[in-house]
Amino acid sequence: MNVNESIINTALLGTANREFTPDGFPEALAKAFPLLQGQAGNTEETFYRFASLVFAYQQAGIEPPVTQNLEPIGEAPEEEKSYFPAEAGELLVSLHTDRSRYLLLYAYRQAARCNRLIPPRYLPELLNRAFEKNNPTKYEEQTLLARLSGQRGRWLLPQMGLPTWNSAETTDWSTASHTERKEWLSHLRETNPEEGLRLLQTDLKNDSAQHREDLIQCLAIGLNKGDEAFLEEIATTDRSNGVKEKARQLLRSMPDSKLVTTYCELLRDKLHYHTLFGWSYDKLDYTPEMKQLDLEEVSSNKKEKDELFLLRQLAERVPLSFWTVFYNCTPEKAAEKLTRKPPFAPFFHVQLPITLFQDRQWAYYTLLTQAEEENIISLMGLLTPEQREDIDFQPTRQHTYLPASWFHPCTNETWGIKFSGRVLQRILQSPYYTRDTAEQLALCFHPDIKEELEGHINLQQEPAQASTGFCRQILEYMTQKEKIDILFNDHHK
Amino acid sequence: MPLVNLTEEQIVQLAPDAASVKAGKGLAAKAKWVLLEFSERAIWGHCQGSGKVPYQTVIDIHHIAFKCSCPSRKFPCKHGLGLLLLYAAHPDFFVQAEEPEWVNAWLAKREEKAEKQEQKARQEAPVDEAAQAKRQAARHQKVLHGIEDLQMWLTDLLRNGFLHIPEQAYSLFDDMARRMVDAQAPGLALRLKNLQEMNYLNESWKYELTNRLSKIYLLSEAYKHLEQQPADWQHEIRTLIGYPQAKEEILARESFADYWLVLHKRSRKVNDLNTCAYWLYGQQTERFALYMSFTAPGAMPEQTLVPGSIYEGELCFYQGVRPIRVLFKSCRLSEMSFLPVFCKNLQEAAGRYRQILQDNPFATEIPLLIERVRLAQQEEQFFLMDSTGRAMPICIEESIRPDLLSITGGKAFAVFLLAGATTWRLHSIWYSSTYYFWKDER
């Protein structure tokens with residue numbers, strides 16, 4: 001501001017407290033002051049007139065200065081890849097604005113398959129979203145955007161006050177909150193399990209028992225033989241029983257772990273099956289070492305004998321390979337036999353070892369043999385879309401629940417037409433519909449299910465039924481999915 | 001099939017709020033409507049809402065107006081917007097049919113109302129010039145009395161000093177602004193109200209406030225000596241005070257036919273009235289123009305211009321000193337494209353700014369176009385820098401900055417800005433000959 005400070009000082013303090021004198025003004029202005037003073041009726045009028053003259057003089061003489069210490073913001077490096085069309089960028093932003101997080105992630109994944117970049121115009125909104133604290137999929141979005149935003153995105157991040165892509169460099173594990181650590185670790189286990197384990201080991205001892213338990217649970221993602229030594233150490237040395245139990249749980253879910261091998265050895269020769277007489281069992285005495293192996297001595301069910309309970313615990317912790325040897329047949333046959341005539345009936349639950357080992361084939365054979373609701377709920381999620389087509393289950397009014405495990409958003413799986421139809425019939429029996437479910441179903445449903453959806457809408461006597469709106473919503477999301485498939489394609493111009 | 005010559009952007013302008021736009025776009029799908037029909041006068045449809053009976057929505061397509069049986073208090077409702085958007089995009093979805101009773105009744109009622117109004121207008125007595133002059137003189141006296149009070153208030157304000165104004169700004173100017181409304185000087189009232197919205201957290205508030213208050217004083221003083229001013233200045237001062245200029249008089253003035261590029265659009269809601277300001281630039285005339293549109297909620301604006309588009313039309317400028325405000329005599333969307341003539345550097349732009357302010361010190365927002373500038377930053381302040389190394393501090397919305405950097409990647413771009421007394425505000429840019437703008441709505 002070039003305006004003489006005396007004008008501002010007088011204006012701030014008031015003419016009652018400070019007399020205004022036109023000192024230090026350019027000659028042209030100084031000369032005008034007595035003239036204005038002569039015309040005005042009081043001091044304030046003179047001041048206002050003179051002030052407006054001075055401001056007009058200053059503004060009408062404005063000149064942009066040459067600045068020595070000012071540098072323009074640097075330029076972003078050139079891109080080597082080409083851009084998707086603007087329409088694709090608009091679609092991503094609209095998915096973000098509509099909070100369609102499943103579709104947005106799907107679009108990112110599809111885009112990441114192409115050798116192209118998101119047009120720069122649309123990056124700020126998407127980058128901001130990827131770093132939002134409450135975004136549940138921020139780490140995956142960050143990984144995908146790092147590829148899709150190119151050099152411009154990398155250059156833009158610091159300009160927007162956001163951390164750079166390589167989170168390991170910029171995000172400090174020691175200062176991250178517990179939720180952030182969990183998300184970070186889960187994400188890292190998906191992409192680089194060894195690095196995840198290394199990160200977990202850095203500072204685990206200083207966490208509270210509950211936090212340790214939560215973090216160790218993250219190892220379930222990408223669990224491998226390399227984790228066994230660490231988990232065994234935790235299972236024996238940690239000061240919290242809860243954490244020890246969590247480590248043992250993970251060890252139990254590794255078919256080739258020492259713990260599972262011990263279970264197999266303990267159970268071997270203790271079970272006998274005869275076609276005519278059914279199951280018989282040899283007694284196994286409970287020893288103090290079994291407590292270390294996480295085996296209980298007394299059953300909470302009074303109808304179950306304790307000695308059989310001990311054996312049942314072991315039977316529910318051994319993999320399919322054990323039963324293959326036991327029955328001396330193929331895995332498929334073993335699974336079928338075990339499902340049809342399980343030991344320790346009615347207490348034995350075949351779903352427990354299958355979900356524990358996440359054994360897809362075992363789940364498939366079991367469901368082929370017996371597609372009961374209990375099995376469908378817990379095992380269907382393990383199957384591939386092709387395998388699901390073979391499972392025949394009928395929708396009923398009582399069974400409308402869709403477990404989250406049925407959806408595999410990371411793999412972009414499309415279900416077969418038979419399974420899609422069965423799921424649709426199943427969910428249409430439900431009185432409750434959520435937007436999230438519609439979005440997830442739209443991503444998984446077979447494209448041909450659209451006809452069935454339209455048919456349902458047209459058939460309804462009562463158009464305002466919730467199921468009609470739900471079907472319309474699924475149809476809309478399916479249309480958006482089709483649009484994503486068209487736009488995020490290397491051949492689309 | 002009757003044509004609704006409206007773009008999606010124009011239809012969106014009819015919406016009462018952003019939520020209605022979103023909901024309306026959601027309903028612009030065939031699946032949402034169980035009936036879609038049209039006649040020569042109207043389009044109508046049945047939209048299945050949450051109730052048993054579908055909502056009946058009708059639109060008068062000749063004098064865009066809506067009616068819907070839904071209970072929404074918004075006007076137009078999402079169904080009306082959805083139906084119009086659907087018709088604009090896919091007229092082929094609509095089937096020609098006879099107007100049903102409910103459509104016919106509503107259209108008949110509208111026609112009856114319009115006829116009554118027309119009759120009333122025909123019966124209106126011719127202008128009584130003597131009475132008009134008497135009313136003008138009475139208003140002039142009213143304004144003078146108002147100005148007397150205003151000057152006394154300004155004098156008191158200055159006597160006590162402006163130091164404590166920031167903490168009282170919220171209510172300090174209200175009473176005097178209301179007094180100016182009573183005195184039929186709405187221009188002065190608006191200037192006082194604007195003082196309330198100033199950013200008093202900014203270090204420059206004292207300069208801005210002193211400048212604005214002294215300008216208000218100068219304006220009131222100028223009005224007191226209106227008769228001694230040249231004709232142009234008389235118009236200018238009367239307009240600044242808040243006297244309207246008759247539309248017929250403006251349209252009777254010389255018109256400027258040109259291709260007009262819409263540089264920027266600013267929308268504000270003032271007392272439930274949608275106020276839109278469009279800054280335009282003429283290809284041949286190389287003149288800036290400001291077109292203002294005021295519409296009640298639900299009413300169709302006379303012109304809805306889309307930023308970045310070019311319109312072929314004749315404009316008539318208001319009377320005044322270096323007038324910028326205009327009315328359209330004719331206007332139609334053109335398919336041609338051109339780039340405006342930009343100032344080569346900041347020095348040239350500053351020269352234009354100086355010239356305008358020398359001619360009219362009351363000018364508040366001076367439109368400027370500058371090419372080959374880059375963004376620079378020093379602490380929290382942003383600057384526009386040209387290739388000669390000169391820089392001007394600018395004001396840039398926080399939401400615009402990442403977009404601008406994202407588009408330009410730090411390279412040079414051309415800019416449209418509005419230069420005020422203390423700040424130059426960036427509004428739209430051209431990068432690689434492509435125009436980019438940001439919504440300016442409140």
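Two residues are taken to be in contact if their C-beta atoms, placed from the backbone, lie within 7 Å. The model is predicted, and local features therefore need pLDDT of at least 70, side-chain atom pairs count only at pLDDT 80 or more, and totals for chains, interfaces and linings use all residues. Residues are numbered from 1 along each chain as its sequence is written, and chains are lettered from A in the order in which they are written.

Helices (H or I, at least four residues) and strands (E, at least two) are DSSP runs numbered from the N terminus, and strands pair if DSSP finds at least two bridges between them. Five strands form an open sheet of mixed pairing, in the order β4-β3-β2-β1-β5 (chain B). Its edges are β4 (65–68) and β5 (95–96) of chain B, each pairing on one side only. Strands β1 (residues 33–38) and β2 (residues 42–47) of chain B run antiparallel and are joined by 5 bridges; W33(B) has C47(B) as its bridge partner in β2(B).

Turning to the interface, 50 residues of chain B are in contact with 49 residues of chain A. On the side of chain B that touches chain A, α9(B) provides the largest share, 8 residues.
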